[in-house]
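Hello,

Here is the structure we talked about. My notes follow below it.

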Amino acid sequence: MPRKVDYDLCMSCGGCVGVCPFLALTLEHGIKLIVDEERCTDCGSCTRFCPVGAIREA
Amino acid sequence: MKDAYDVVVVGAGPGGSNTARVAAEHGLEVLLLEKRPEIGAPKRCGEGFSVNGAKTLGIKPDPRWTINEIWGANIVAPNGRRVSVRYEKQVGWVIERKMFDKLLAIEAARAGAEVLARSEVVGLVMQDGFVRGVEVERHGERLTVEAKIVVAADGVESKVARWAGIDSTQRLVDIDSAYQYEMVVDLEEPDMLDLYFGNDIAPRGYVWVFPKGKDVANVGIGIGGNVSTRTAKQYLDEWIAKHEPFNEGRIIEVNAGGVPVGAPLEKLVANGLMVVGDAAHQVNAIHGGGVFEASFAGQLAGRVAAEAIERGDVSEAMLMKYDREWRAARGEILHRIYKLRRAIEQLSDEDLNYLAEQLTGEDVVAFANGERLGKLAKILMKRPHLIKAAKELM
């Protein structure tokens with residue numbers, strides 16, 4: 001299952017985009033974090049990185 | 001926006017704007033793209049910047065961003081012991097990053113670069129093994145723009161280099177997870193930077209208090225991306241709750257971010273592509289500062305881009321001139337600083353307390369610049385369990 005973004009917590013910092021080994025994350029217009037469900041392997045790197053705990057297991 | 005440029009720079013942080021300005025000053029047709037609606041915001045930065053750095057870069061201090069003078073630093077060990085250094089002259093500023101970044105982009109525009117905010121690069125145009133341009137999304141439209149050289153200055157969230165086959169992924173072991181408040185709070189020493197170390201305070205990182213005036217501070221934290229199940233925010237909030245007067249501080253801004261603290265990329269160029277700044281992991285791995293490094297690399301990239309285009313050769317072999325010159329000027333020292341980071345992250349709180357007894361503030365500042373590492377190695381050698389860490393420094 002792909003990861004889920006909690007938009008109430010996400011600060012749109014983009015760090016997770018650089019961390020994701022599968023290029024599965026995009027920060028649209030620098031604002032909205034999108035998970036590409038085809039590419040996400042549920043590895044959890046983004047979740048471990050996130051400074052505010054905004055990315056969760058589905 | 002036109003259909004074709006000499007150079008398209010992706011990302012208008014200090015790295016991208018310096019690249020764009022220098023390339024435009026050399027007469028190139030330059031397009032500088034920023035996906036965010038506002039250049040400089042949100043900031044993801046502690047906002048420290050040194051006087052020497054500004055001089056080296058030829059950036060004239062401007063009162064719109066040099067908002068607070070810094071004369072020294074207090075480094076605080078886990079047991080509270082303070083190691084301080086106050087210099088006889090001003091050594092830096094805490095800057096207003098939003099204004100700093102915006103003015104760098106304005107300088108790029110004045111030099112002739114076309115600058116476009118809220119224009120997102122969503123793909124590359126590749127042909128015969130060369131990067132030949134970018135796909136841009138702008139206000140609902142998708143456009144193709146040709147470029148002789150594309151500069152990937154797309155920051156910690158770098159993708160452009162990866163699309164071109166350079167693996168700029170930020171590995172968890174080599175990125176810090178950061179969180180930060182700007183707050184109104186009465187400060188004891190508004191001309192000193194404070195840094196708090198400890199594995200319970202900020203594992204593999206530190207808490208910083210960087211004054212932006214007598215009663216305003218940038219208070220933040222960086223922790224290792226792979227070292228904890230707790231978030232950077234949780235660590236910072238816990239530290240603030242325990243420390244007066246910060247627990248009474250009035251929060252006027254909240255930011256988060258990632259700080260690359262690994263070794264610089266092994267290769268900074270490909271056919272038709274140069275990588276600059278956080279995207280190239282050009283950061284001081286000890287203090288996490290990247291403004292100077294990105295700006296320096298960007299200026300160099302701009303000069304080499306001009307030379308390459310004048311010669312009509314944008315091959316990797318030609319662009320390697322940027323890679324070689326950057327490595328000679330900054331790469332070796334940043335690699336040394338990276339090794340120091342790897343050594344220091346092995347230290348327990350007891351080790352850090354011991355170091356604080358042995359070191360002066362000047363020593364610590366020297367270490368952060370990759371100097372006096374022999375002295376540090378000698379001190380670590382005195383503790384048998386740190387001999388391995390010491391040897392890694394040599």
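Buried area here means the accessible area, with a 1.4 Å probe, that two parts lose on being put together, summed over both. Bear in mind that this is a predicted model.

Chain B first. I looked at the pair formed by domain 1 of chain B and domain 3 of chain B. Four residues from domain 1 of chain B and four residues from domain 3 of chain B make the contact.

Between these two domains of chain B, about 330 Å² is buried. Carbon and sulfur atoms give 71% of that area. On the side of domain 1 of chain B that touches domain 3 of chain B, there are two nonpolar residues, two polar residues and no charged ones. Domain 1 and domain 3 of chain B share zero salt bridges. They do have one residue pair in polar contact, with both residues at pLDDT 80 or more.

Now chain A, and one residue there. A:Glu57 sits in the segment after strand 4 (55-56) of chain A. Is A:Glu57 buried or exposed? A:Glu57 counts as exposed because its relative accessibility is 60%, and the cut-off for exposed is over 50%. In sequence, A:Glu57 and A:Cys43 are 14 residues apart. In space, the C-alpha to C-alpha distance between A:Glu57 and A:Cys43 is 9.7 Å.

Best wishes

How values were computed:
Residues are numbered from 1 along each chain as its sequence is written. Chains are lettered from A and ligands numbered from 1 in the order in which they are written. This is a predicted model: local features need pLDDT of at least 70, side-chain atom pairs count only at pLDDT 80 or more; totals for chains, interfaces and linings use all residues. Side-chain values use heavy atoms; hydrogens and water are left out. Contact means heavy atoms within 4.5 Å. A salt bridge is a side-chain nitrogen of Lys or Arg within 4 Å of a carboxyl oxygen of Asp or Glu. A polar contact is a pair of N or O atoms within 3.5 Å; within protein, one must be able to donate a hydrogen and the other to accept it, and residues adjacent in sequence count only if both atoms are side-chain atoms. Ala, Val, Leu, Ile, Met, Phe, Trp, Tyr, Cys and Pro count as nonpolar, Asp, Glu, Lys and Arg as charged, and the others, Gly among them, as polar. Helices (H or I, at least four residues) and strands (E, at least two) are DSSP runs, numbered from the N terminus. Buried means under 20% relative accessible area, exposed over 50%, partly exposed in between (1.4 Å probe, protein chains only).
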